[in-house]
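Please keep the sequence and the structure in view while reading.

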Amino acid sequence: MRPTPEEDAAITAAAENDPDNPPLTDEEMRQMRPFAEVHPDLVRRRGPQKAPTKVPVTIRLDPDVVQRFKSGGPGWHARINLALRKAVGLDR
């Protein structure tokens, strides 16, 4: 929902009077550059895997199954993969 003109004016006035975070000037906006251009060494490039080891798929699972795997924290995709490998006899 868009703010009314009065609300927009109040928001703008509050921003202009914030000493800790004043609005950027037009000149500052013109000087801005994309993060990847300024710090290319910090950007994680996405794209094809160098040596593809996994195949992206879409699968529908019961919510309680997904929740059980997610409850173990990060790495739940890998745990599902391991469970499927065991189920089809491809234990590593």
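## Basis of the model

This is a predicted model, in which local features need pLDDT of at least 70 and side-chain atom pairs count only at pLDDT 80 or more, while totals for chains, interfaces and linings use all residues. Residues are numbered from 1 along each chain as its sequence is written, and side-chain values use heavy atoms, with hydrogens and water left out.

## The loop between α3 and α4

Arginine 60 lies in the loop between α3 (35–38) and α4 (63–70), and isoleucine 59 is placed in the loop between α3 and α4 as well. Helices are DSSP runs (H or I, at least four residues), numbered from the N terminus.

Arginine 60 counts as exposed because its relative accessibility is 83%; isoleucine 59, at 55%, also counts as exposed. Exposed means over 50% relative accessible area, with a 1.4 Å probe and protein chains only. Between arginine 60 and valine 88 there are 18 Å in space, C-alpha to C-alpha, and the two are 28 residues apart in sequence.

The largest pocket holds about 610 Å³ of space. Its lining comprises 17 residues, and Lys54, Val55, Val57, His77 and Asn81 are the closest to its centre. A pocket is an open set of points on a 1 Å grid over the protein atoms alone, where a 1.4 Å probe fits, with protein on both sides within 12 Å along at least five of seven lines; lining residues have an atom within 4 Å of a point. A volume is the space filled by probe spheres set on the points, which are joined across faces, edges and corners.

The second largest pocket has about 180 Å³ of space and is lined by Arg44, Arg45, Arg46, Gly47, Pro48 and Gln49.

Note on methods. Helices (H or I, at least four residues) and strands (E, at least two) are DSSP runs, numbered from the N terminus. Buried means under 20% relative accessible area, exposed over 50%, partly exposed in between (1.4 Å probe, protein chains only).
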